[in-house]
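Here's a quick tour of a predicted model. Have a look at the fold, then read on.

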Amino acid sequence: MLAGQAWAAQHARQGDQHAMAASEEDCRREALLGHARGLAAAERRSLDALTRTAAQLTECPISLVSLVGSDSQHFLSHFGWDIDGGPRDSSFCTHAIARPDLFEIPDAWQDPRVRASPLVTGPPHRRAYFAKTLSVDGLPVGTLCVIDKR
């Protein structure tokens, strides 16, 4: 086998391993998402208090608790934006769960990862996004985030 072919084969195997790991994470997230959709009203009120407080403390008009599934995200709680979720491919949270620390997009119009997103170019006209990854048993599953329009 030529050196270039060996390199390509090795990287293809590594890509397959990465895809399998990502797929396993998505399966675990989907199972958790199914469980979270059944949260009791008292649990949801606690999350609502959290998102309301996060929005007030940061003076941002929108705050969410989101869970990211394989194809979509689901908002367990939302303050300032009356929507229950959306597709993962336009999700800012998808970028955030890849990092264990605070994730910041101070100017969405300037960030190449999201500037073409319909969430930036249309309602709710996101300008800034700040999130902390939420994890269960070491698996990043979603975020607590605040969103500003200015």
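## A well-covered strand

Let's start with strand E6, residues 139–148, which is mostly covered, with nine of its ten residues buried. Buried here means under 20% relative accessible area with a 1.4 Å probe, counting protein chains only. Strands are DSSP runs of E with at least two residues, while helices are runs of H or I with at least four, and both are numbered from the N terminus.

## Its two partners

E6 pairs with E5 (residues 128–136) through nine bridges, and the two run antiparallel. Pairing takes at least two DSSP bridges between the strands. Phenylalanine 130 has valine 146 in E6 as its bridge partner. In the hairpin of E5 and E6, two residues sit between the strands, and aspartate 137 adopts a positive phi near 50°.

E1 (residues 62–68) also runs antiparallel to E6, joined by six bridges. Here isoleucine 62 is opposite isoleucine 147 of E6.

## The whole chain

Zooming out, the protein chain has four helices and six strands, in the order α-α-β-β-β-α-β-α-β-β from the N terminus. It has 150 residues, and 36% of them count as buried.

Take the chain's contacts (heavy atoms within 4.5 Å) with a separation of 6 or more: 50% of them link residues 24 or more positions apart. The accessible surface, from the Shrake-Rupley method with a 1.4 Å probe, comes to about 8,600 Å², and carbon and sulfur atoms own 57% of that.

Residues are numbered from 1 along each chain as its sequence is written, and side-chain values use heavy atoms, leaving out hydrogens and water. As this is a predicted model, local features need pLDDT of at least 70 and side-chain atom pairs count only at pLDDT 80 or more, while totals for chains, interfaces and linings use all residues.

Definitions and conventions
Buried means under 20% relative accessible area, exposed over 50%, partly exposed in between (1.4 Å probe, protein chains only).
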